[in-house]
Amino acid sequence: MPAVAKAAVAGAKKVVDDKADLSTLQKLAAESATMQVAAESYARRVAVKQALLLKIYQPLARYLGVSRAYFDTDFHADMAGKLAGIPDEELVTPPLSLAIPAMEGLSYSLTEPNLKKMYLNLLATASDGRYSAHAHPAFAEIIKQLSPHEAEYLLEMLQETRPIVQLIRNVASGSFDYIDNHVLAIVDRKTGKLSDEPLTPVWVDNWIRLGLVTVDYTRVLTDEREYDWVERCPQYRRAIEGDERGAASVSIGRGMLMRTAFGARFHAAVTAGGLPSAEAGGSPLAPDRPGQNPSA
């Protein structure tokens, strides 16, 4: 029991008559001691991982010859924290086909937290002998082809099947024009409101190109409430306000954005949830929450 906790209990014995209060204080003191032991245990695991990482990654960092300051200092602390829950005997050297492009990409993303975290998690997956085979070498190249802002929303969209729509202008002659394609429910992190993100169609096309998702406008989600957000989104409001016919001028083409098997594996490898935590076990290959049932 830490000295401070002992003093607290000793003082309580002199001034507290209520046994329930004394019992509570003793429990808090015990918990404090338990937390201290846990913290020390975690610190030891991190220190061991740092030493092992120096042997595994330092030669690769020297080979790359970029951002030496980071790879000689903060890199080992960043990685050691992520690997603290991996048994020492399972720590392996990742294949060069993945490690070199990942470390190179990381060196150019140190000021971009979203991309930096993805690279570190990918390297952590590749360094765990239990799951390293599931860290595909192509994943490092995929991260390189994402913008920081795009990467943040991609990981969210890869969690489950998502509703996606097209906004279509109805022309008097019976024909139609596409106003907006690939409209998603993008929520602004600061305001909590639906965002008018003009690059969303470009992002979705990029994710399709990279093989992470597919989009199908011939199928819809069974629960129609999944599309309730559409008439509140800025793109729809702008479309109907720009036509004297109002809502009658715009049709909504409903569809689904679905992750591929490749996209699901990518998500598992580059997210913090992709590996067992330092304190609890878990598999990066466990499926995410199932998406909503689609309907043809």
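User: Which residues of α9 do His149, Glu150, Tyr153, Leu154 and Met157 in α8 meet?

Analyst: Those α8 residues meet Trp203, Asn206 and Trp207 in α9; contact means heavy atoms within 4.5 Å. The residues of this contact divide into five nonpolar, two polar and one charged. In that classification Ala, Val, Leu, Ile, Met, Phe, Trp, Tyr, Cys and Pro count as nonpolar, Asp, Glu, Lys and Arg as charged, and the others, Gly among them, as polar. The model is a predicted one, in which local features need pLDDT of at least 70 and side-chain atom pairs count only at pLDDT 80 or more, whereas totals for chains, interfaces and linings use all residues. Residues are numbered from 1 along each chain as its sequence is written, and side-chain values use heavy atoms, with hydrogens and water left out.

User: How is the packing of α8 and α9 described?

Analyst: Two packed helices are described by the angle between their axes and the distance between the axes. For α8 and α9 the angle is about 65° and the axes are 11 Å apart. The axes are lines fitted to C-alpha atoms, for helices over the stretch in contact, and angles run from 0 to 180 degrees between N-to-C directions. The crossing is right-handed: a crossing has that name if the near helix is turned clockwise from the far one by less than a right angle, and is left-handed if anticlockwise.

User: Why are α6 and α8 called oblique to each other?

Analyst: Their angle is about 60°, with axes 8 Å apart. Angles under 35 degrees count as roughly parallel, over 145 as roughly antiparallel, 65 to 115 as roughly perpendicular, and the rest as oblique. The two helices are therefore oblique. Asn114, Leu115 and Met118 in α6 meet Pro148, Ala151, Glu152 and Leu155 in α8, a contact of five nonpolar, one polar and one charged residues.

User: What makes α5 roughly antiparallel to α6?

Analyst: Helix α5 (residues 96-107) and helix α6 (residues 113-126) pack at an angle of about 160°, with axes 9 Å apart. That angle makes the pair roughly antiparallel, and the crossing is left-handed. From α5 the contact draws on Leu98, Ala99, Pro101, Ala102, Met103, Gly105 and Leu106, and from α6 on Lys116, Tyr119, Leu120, Leu122, Leu123 and Ala126. By class it has 11 nonpolar, one polar and one charged residues.

User: How do you know that the end-to-end length of α5 agrees with its residue count?

Analyst: The expected span of a helix is 1.5 Å times one less than its number of residues. For the 12 residues of α5 this gives 16 Å, and the end C-alpha atoms are 16 Å apart, which agrees. In α6, 14 residues reach 20 Å, close to the 20 Å expected.

User: Why is proline 101 called buried?

Analyst: Buried means under 20% relative accessible area, exposed over 50%, and partly exposed in between, with a 1.4 Å probe and protein chains only. Proline 101, in helix α5, has 10% relative accessibility and so counts as buried. Leaving aside residues up to four places away in sequence, proline 101 touches Leu96, Tyr119, Ala140, Glu141 and Lys144. Proline 101 and lysine 144 are 43 residues apart in sequence and 9.1 Å apart in space, C-alpha to C-alpha.

User: What makes α6 mostly covered?

Analyst: Of its 14 residues, 10 are buried, among them Leu115, Met118, Tyr119 and Leu120. For the chain, buried residues make up 41% of the 296 residues.

User: Why does threonine 271 count as buried, and where is it found?

Analyst: Threonine 271 lies in the loop between α11 and β6 (294-295). Its relative accessibility is 14%, so it counts as buried. Beyond four places in sequence, threonine 271 touches Asn121 and Leu155.

User: What is the phi of histidine 182, and why does histidine 182 count as buried?

Analyst: Phi of histidine 182 is near 55°, a positive value in a residue other than glycine. Most residues other than glycine have a negative phi. Histidine 182 is in strand β2 (residues 176-183), and its relative accessible area of 6% makes it buried.

How values were computed: Helix = DSSP H or I, 4+ residues; strand = E, 2+ residues; numbered from the N terminus.
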